[in-house]
Each structure stands twice: as structure tokens, then as C-alpha cells.
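Here is a briefing on aromatic pairs and helix packing. Please keep the sequence and the structure in view while reading.

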Amino acid sequence: FELAQARFGAADIPGALSHYRELLNSGVVGSAVLTDAEWIDAQRNYGLTLSWSGNAREALPVLRDYVAAHPEDSTVELELMRAYAQRGDSNSTLSM
């Protein structure tokens, strides 16, 4: 988790994506390895890095799920709208 966060903080998008994928695909949550708060943070930052890397198709479901659970996070909501726009889906951005 710390390595993924460090890559994210350093704007190392490919490195962050690699570490977040590995972390989230491990399925380890609510354990001594990863707290619930860390899991949520990892999901948030994974969605952001996917979008920033230009991968709107893969980012959209991650960002949609995160925004549905955390509607107060305007940064991720804005990135979700950008991901829709990348895909040329202006109708979805208008409904946000």
C-alpha cells in the first residue's frame, strides 16, 4: 500500500497503476495487511490513475463505484465526468 501511495504521490502513473492493480487484485481487505480506510484510498487512487493514464474504459466502473459510495468527493466526481467526456459520452456527464 505504501509503495502504491508513494508512486501516486510522485505522479508515477505507470508505477502507481501497477502497484494498485496488484494490491486490489489480491483481495486483501480488513486484515492486518490493509485496513478498510487504506482499501478505500487504494480504490480511489486507482480510479484516478486509470483516468489520468487515458484509460477511461477501465476507469469508469471504478470511479462510478467510488462516487456512488462517496458522493462528497468532488475530485473523483470531476474525474468521473472527465472519463465520460474522454469516451465521448456527454449525456452521462450532464446527468451528474
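**Aromatic cluster and helix packing**

F8 is buried, at a relative accessible area of 19% (buried means under 20%, exposed over 50%, partly exposed in between, with a 1.4 Å probe and protein chains only). This is a predicted model, in which local features need pLDDT of at least 70, side-chain atom pairs count only at pLDDT 80 or more, and totals for chains, interfaces and linings use all residues. Residues are numbered from 1 along each chain as its sequence is written, and side-chain values use heavy atoms, leaving out hydrogens and water.

**Aromatic pairs**

- There are two aromatic pairs in the structure; rings of Phe, Tyr and Trp (its six-membered ring) pair if their centres lie within 6.5 Å, and planes under 30 degrees apart count as stacked, over 60 as edge-to-face and the rest as tilted.
- F8 and Y20 form an edge-to-face pair, because their ring centres are 6.4 Å apart and their planes stand at 75°.
- This pair links distant parts of the chain: F8 lies in helix α1 (residues 2–9) and Y20 in helix α2 (residues 13–25), twelve residues apart. Helices are DSSP runs (H or I, at least four residues), numbered from the N terminus.
- Both F8 and Y20 are buried.
- The rings of F8 and W52 are stacked, because their centres are 5.5 Å apart and their planes at 15°.
- That pair joins F8 in helix α1 to W52 in helix α3 (residues 36–52), 44 residues apart.
- Through these ring pairs, F8, Y20 and W52 are linked into a cluster.

**Around W52**

- W52 is partly exposed, with a relative accessible area of 44%.
- Leaving aside residues up to four places away in sequence, W52 touches F8, I13 and E79 (contact means heavy atoms within 4.5 Å).
- The side chains of W52 and E79 make a polar contact at 3.1 Å (a pair of N or O atoms within 3.5 Å; within protein, one must be able to donate a hydrogen and the other to accept it, and residues adjacent in sequence count only if both atoms are side-chain atoms).

**Helices α3 and α4**

- The axes of α3 and helix α4 (residues 56–69) come within 8 Å and cross at roughly 145°; axes are lines fitted to C-alpha atoms, for helices over the stretch in contact, and angles run from 0 to 180 degrees between N-to-C directions.
- Residues in the contact include I40, Y46 and L50 in α3, and V62, L63 and Y66 in α4.

Technical notes: Helix = DSSP H or I, 4+ residues; strand = E, 2+ residues; numbered from the N terminus.
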